[in-house]
Amino acid sequence: MPLVPMLQLLEEAAKKGYGVGAYNVNNMEQIQAIMQAARETQSPVIIQASRGALKYSNLIYLKKLMEAAVEENPDIPVAMHLDHGNSLETCKTAIALGFTSVMIDASLMGDGKTIASYEYNVETSRSVVEYAHARGVTVEAELGALGGIEDGHGAGLAADDTTHLTDPEQAVDFVQKTGCDCLALAIGTSHGAYKTLRYDKDGNPLPPRLALDRIEQIENNLEKAGYPNFPLVMHGSSSVPPELVEVVNKYGGQMKKSMGIPMQDIQFGIARGVRKINVDTDGRIAMTGAVRKLLWEKPEKFDPRDWLTPAREALYQVIKGKMIDFGTAGHAKDYAPMTLADMKKRYEKQTAGAR
Ligand code: G3H
Ligand code: 13P
Ligand code: ZN
């Protein structure tokens with residue numbers, strides 16, 4: 001099976017009410033672990049690479065590894081997605097490499113830090129949609145800026161400021177003006193292992209405060225505007241399981257106490273239109289714990305395969321669990337895969353119809 005346009009995975013997920021995990025990769029072991037989990041649970045899957053991953057893998061290695069993953073798993077629908085593209089140029093690079101989906105994150109300026117104006121976001125996202133759709137490639141855009149409700153985001157935001165969250169009214173205007181295929185929401189999640197600043201009186205972390213009600217408002221507003229079942233995307237969705245953090249710390253790590261996004265909050269989102277769920281950190285923690293454990297217990301080992309094998313196994317276990325919890329498991333063979341050429345034709349018809 002060739003790589004599939006991501007939009008097809010999301011639309012099929014919407015029909016049956018499940019979510020598809022988008023898992024970050026940088027190397028062979030991560031791709032193998034995710035594909036093993038997808039194969040064993042019979043799950044469609046989104047594999048995503050950040051700009052950092054593209055740089056780390058010198059582009060071509062990632063492309064060839066993905067080709068191997070698809071060749072080895074002909075029955076699994078796989079979309080290859082650029083995570084947090086910061087410009088049209090970056091998206092063009094990913095599309096040239098064969099990615100079937102790109103994210104343009106123009107909620108921030110090209111430096112990835114400064115909050116951009118709405119106009120800049122619309123114009124930059126629209127230009128990516130125009131380029132990508134002409135090639136059948138899916139586009140994810142983001143409205144609002146990621147960062148916890150408690151911790152603020154970007155310059156000058158107070159701790160309880162909610163102005164960087166996705167505005168449910170503006171979401172409709174944004175989708176209409178950009179033509180994006182799916183929308184990344186800012187509802188209080190943030191990247192990384194430290195998503196909460198809330199602790200109980202004994203110093204135990206409490207879950208991050210999320211604006212989950214916005215998911216339903218945004219989905220309803222989009223439906224009313226003629227976009228039923230519009231796919232929404234949840235970033236920063238790692239749950240940071242304490243048992244994984246414990247392994248890291250037991251074998252010499254020094255991770256702070258933390259708490260991620262509870263699975264029931266993700267499932268709440270899936271029931272209301274979230275179709276793509278981004279996960280990176282949980283896999284990182286699992287792999288690091290496994291490597292630390294192996295090297296701690298067997299300090300005489302120096303063959304990288306001795307520590308990469310348990311790291312790959314630990315990531316596989318984490319991803320397999322998410323495929324089951326997101327409801328993706330069992331859906332790999334529900335539909336015949338589309339090609340980029342099929343999707344390109346569909347976009348052309350839509351554009352002609354809109355004229
Ligand atoms: O967007 C955040 C992902 O976890 C990717 O992280 O930029 O360190 O590869 P990265
Ligand atoms: P986590 O850091 O919560 O895994 O989120 C990853 C992500 O959103 C990648 O875009
Ligand atoms: Zn993200």
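Colleague: Is Gln 42 buried, exposed or partly exposed?
Modeller: In this predicted model, Gln 42 counts as partly exposed because it has 16 C-beta neighbours inside 10 Å. A residue would need 20 or more to be buried, and 12 or fewer to be exposed.

Colleague: Where does Gln 42 lie?
Modeller: Gln 42 belongs to the loop between α2 (28-41) and β2 (45-49). Although Gln 42 is not a glycine, its phi is positive, at about 55 degrees.

Colleague: What about Asn 58: where does that residue lie, and what is its phi?
Modeller: Asn 58 is in the loop between α3 (51-56) and α4 (60-72). Its phi is positive, about 55 degrees, and Asn 58 is not a glycine either.

Colleague: And why is Asn 58 classed as exposed?
Modeller: Asn 58 is exposed because 9 other C-beta atoms lie within 10 Å, and the cut-off for exposed is 12 or fewer.

Colleague: Turning to the strands, which residues of β6 are buried, and on which sides?
Modeller: Strand β6 (residues 182-185) is covered on both faces. Cys 182 and Ala 184 are buried on one side, and Leu 183 and Leu 185 are buried on the other.

Colleague: Which strand is joined to β6 by four bridges?
Modeller: That is strand β5 (residues 138-143), which runs parallel to β6. Within this pairing, Cys 182 of β6 has Glu 140 opposite.

Colleague: How many bridges join β6 to β7?
Modeller: Three bridges join β6 to strand β7 (residues 232-234), and these two strands also run parallel. Leu 185 has Met 234 in β7 as its bridge partner.

Colleague: Which helix makes a β-α-β unit with β6 and β7?
Modeller: Helix α8 (residues 213-224) does, and the unit is right-handed.

Colleague: A change of topic: which residues come nearest to ligand 2?
Modeller: There are 13 residues around ligand 2, and the nearest are His 235, Ser 238, Asn 278, Asp 280 and Thr 281.

Colleague: How do the residues of the shell divide into nonpolar, polar and charged?
Modeller: Ten residues of the shell around ligand 2 are polar, two are charged and one is nonpolar.

Colleague: Finally, what pLDDT does the protein average?
Modeller: The average pLDDT is 95, and 96% of the residues score at least 70.

Methods:
Residues numbered from 1 in each chain as written. Chains lettered and ligands numbered in written order. Predicted model: local features only at pLDDT ≥ 70, side-chain atom pairs only at ≥ 80, totals over all residues. pLDDT = per-residue confidence, 0-100. Near = placed C-beta within 6 Å. Nonpolar A, V, L, I, M, F, W, Y, C, P; charged D, E, K, R; others polar. Pairing = 2+ DSSP bridges. Right-handed = clockwise from strand over helix to strand, strands pointing away.
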